[in-house]
Amino acid sequence: FAEEEGSYVLQLADPIDPPSHTVRELVDADHLTVARLHDDLFPGTHTTGAQLVAGHDAPHRRLVVEHGGECAGYVAVELQPDGGGYVDDLGVDPAHRRRGLGAELVRAGVAELRRLGADHVGLSVRAGSEGARDLYVALGFREERFVVPLRLGFSIT
């Protein structure tokens with residue numbers, strides 16, 4: 001087994017303020033921009049950009065934020081079968097960072113999950129993503145545990 005980068009599992013501990021910036025639902029015109037942004041920010045992850053923008057139904061919600069008239073970031077959230085909500089993906093274009101857009105996306109995602117009936121909200125963040133972890137903690141998420149995935153290597157001959 002090979003040890004991979006660990007992730008912090010966080011749960012929202014307290015109520016979170018609603019977003020103050022306009023965050024809206026993903027529309028078809030956003031698909032290419034969001035898919036490219038996701039693939040640039042998270043290459044080789046479990047979900048491609050094309051899969052991210054396609055997964056838009058009742059339990060899976062995709063929201064975007066604009067800045068300067070262009071799509072500047074997105075959040076993907078999911079209402080899970082146990083009644084909890086999960087913040088799955090969050091990405092802000094590097095050209096639009098340090099403007100509070102990531103926080104607004106998280107607030108909007110949590111608000112959407114609550115609207116869908118989530119009684120608790122969680123997420124995971126890789127250990128190396130210190131900026132993201134700091135953002136979530138500042139918004140009221142608390143570390144619950146740290147997990148390290150172990151992968152069994154294989155080859156196809």
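## Overall form

With 157 residues, a compact globule would have a radius of gyration near 15 Å, and the 16 Å of the protein chain agrees with this. The radius is taken over C-alpha atoms, and the globule rule is 2.2 Å times the number of residues to the power 0.38. Along the principal axes, the C-alpha atoms fill a box of roughly 50 × 35 × 30 Å.

The model is predicted: local features need pLDDT of at least 70, side-chain atom pairs count only at pLDDT 80 or more, and totals for chains, interfaces and linings use all residues. Residues are numbered from 1 along each chain as its sequence is written, and side-chain values use heavy atoms, with hydrogens and water left out.

## Secondary structure

The protein chain contains four helices and nine strands, in the order β-β-β-α-α-β-β-β-α-β-α-β-β. These elements are DSSP runs numbered from the N terminus (helices: H or I, at least four residues; strands: E, at least two).

Strand 5 (residues 70-79) runs antiparallel to strand 6 and is joined to it by seven bridges; pairing requires at least two DSSP bridges. Leu 79 stands opposite Gly 85. Five residues separate the two strands of this hairpin, and Gly 83 in the turn has a positive phi of about 90°. Strand 7 (residues 121-126) pairs with strand 6 in the parallel sense over three bridges, with Leu 123 opposite Val 87.
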